[in-house]
Structure formats: structure tokens, C-alpha cells
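Comments on any of them are welcome.

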Amino acid sequence: MSILEYNGAAIIAMSGKDCVGIASDNRLGIQYQTVAMDFKKIFKMNDKLFVGLAGLATDVQTLDQLLRFRMNLYELREDREMTPKVFTNLLSNMLYEKRFGPYFCEPVIAGLDEKGAPYLSTMDLIGAQAAAKDFVVAGTCEGNLYGMCETLYKPDMEKEELFETLAQALLASVDRDALSGWGGVVHIITKEGVISRELKGRQD
């Protein structure tokens, strides 16, 4: 088993019409043993930017603290909020710096750029970026997530339809993966604000 699969995760980000959504499961496990059912994998960086971290739980929490520190430093120096594109480059550089002893995390970035357009990006554990216009996924059931997203996604969804699509794609995917699940959380980022909802999933 890969070290990236040790704790289990499932994260999706998807774009809509002037909005973007990001969803993750809640499970923290040690291989097939479930340890907690309320583990946070999506972190709010600012009102228009969220990052989801799939991978080794210790590195997920370490990266969250490091990113928060670097974001605060940037805002103090520049006197403005970090855009998703700048944040992606910052995170990519942070991961590449540690490439010989990497953080075992695959990040998913979702946000709205300066013009209010959806921005999605993901990268591997050494910071190789892959941007997308429709959706990005990460975690132990990546194949399932891709299949569900390709089936359910359609362009220019309104925020309610985007929520429903993300929720259905996530729940259907984690049901066929032993390492992720136990409910989930969905965040929809719009110009007006963030809508967050919890999902109840199969408890097995």
C-alpha cells in the first residue's frame, strides 16, 4: 500500500456558473481500521479560496499550518488577499522544495479569481501542477471519482445543482472504496459567500 493511501481520502472540486465547489469525505483511518469520522481535509484559506489535502494525515495538518502562515505573511507584506493562481504557485514551490523528502499530500485548489471566474487546480506530491476547467479529483478512490464526475458534470451549473452533483459523485464513489467515506462535507464558493453543507453517508 502506498503511503498516500495509508489514511484514506476522497476530494473533488468542480466548477459551475460563477461558482465553484469542493467536497471531501470525513474518514480518518489506519489502513482498513477506522480511527475517526470527523477528520478535516478541506481548509479555508480566504473567502474565495479553499484547498483540499488528500494523503498522509500528519502531512495534511502540517501543510495546513504552513500554508496559513505563508498566506498571513503574504497579506501583511502585500496588503491584499492571495489569488488562487498565486496560491497554487506558492504551494507548488513549497512541495518542490521538499522533493527529496516530500509531504505525502496531493492538494486540490478551488476558488474564484479576481474576475469572479472559477479556478481549479491540482498537483502531485512534488508540486507538478494540472489545471482544469471542469473538475479535479484526488484521494484513494480517484478512478471512481473521475467516472462519477465525467458522468454527472455539465457546464455552467447553478450553485444548487453544483452542490447536488458534488454530493452524488462523492457519495457514490466512496461507497466502493474501503479507505474513504463516513459522510462528507461540501463547500460552494460564490461571489456572495460560502455555502457549507454536511453529507450523511454509509457508516461502514
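1. In this predicted model, the largest pocket is lined by Ser15, Gly16, Asp113, Pro118, Tyr119, Leu120, Ala131, Ala132 and Lys133. The space within the largest pocket amounts to about 180 Å³. Sorted by class, its lining comprises five nonpolar, two polar and two charged residues.

2. Two strands, E8 (118-123) and E9 (129-132), each contribute at least two residues to the lining of the largest pocket. The largest share, three residues, is supplied by E8.

3. Pro107 belongs to strand E7, which spans residues 105-112. Its relative accessible area is 0%, and Pro107 is therefore buried. Leaving aside residues up to four places away in sequence, Pro107 touches Val51, Gly52, Leu53, Leu91, Leu95, Ser121, Thr122, Met123 and Asp124. Leu63 lies 44 residues from Pro107 along the chain, and the C-alpha atoms of the two are separated by 9.7 Å.

4. Strand E5 (residues 42-46) is largely enclosed by the rest of the structure, because four of its five residues are buried. E5 pairs with strand E6 (residues 49-55) in the antiparallel sense, over four bridges.

5. Cys105 has a relative accessibility of 0% and so counts as buried. Cys141 likewise takes part in no disulfide, the nearest cysteine sulfur being that of Cys149 at 9.9 Å. With a relative accessible area of 3%, Cys141 is also buried.

6. Why is strand E11 (residues 184-190) described as largely enclosed by the rest of the structure? The reason is that seven of its seven residues are buried. In a regular strand, side chains alternate between the two faces of the sheet. For E11, both faces are covered. Gly184, Val186, Ile188 and Thr190 are buried on one side, and Val185, His187 and Ile189 are buried on the other.

7. E11 also has two pairing relationships to record. With strand E2 (residues 19-25), E11 pairs in the antiparallel sense over seven bridges. Among the residue pairs, Cys19 has Thr190 of E11 as its bridge partner. E11 and strand E12 (residues 194-199) also run antiparallel and are joined by six bridges. Here Val185 has Glu198 of E12 as its bridge partner.

8. The hairpin of E11 and E12 has three residues between the strands. In this hairpin, Gly193 adopts a positive phi near 160°.

Definitions and conventions:
Residues are numbered from 1 along each chain as its sequence is written. This is a predicted model: local features need pLDDT of at least 70, side-chain atom pairs count only at pLDDT 80 or more; totals for chains, interfaces and linings use all residues. Side-chain values use heavy atoms; hydrogens and water are left out. On a 1 Å grid over the protein atoms alone, a cavity is a set of points where a 1.4 Å probe fits but cannot get out, and a pocket is an open set with protein on both sides within 12 Å along at least five of seven lines; lining residues have an atom within 4 Å of a point. Grid points are joined across faces, edges and corners, and a volume is the space filled by probe spheres set on the points. Ala, Val, Leu, Ile, Met, Phe, Trp, Tyr, Cys and Pro count as nonpolar, Asp, Glu, Lys and Arg as charged, and the others, Gly among them, as polar. Buried means under 20% relative accessible area, exposed over 50%, partly exposed in between (1.4 Å probe, protein chains only). Contact means heavy atoms within 4.5 Å. Two strands pair if DSSP finds at least two bridges between them. A disulfide is a pair of cysteine sulfur atoms within 2.5 Å.
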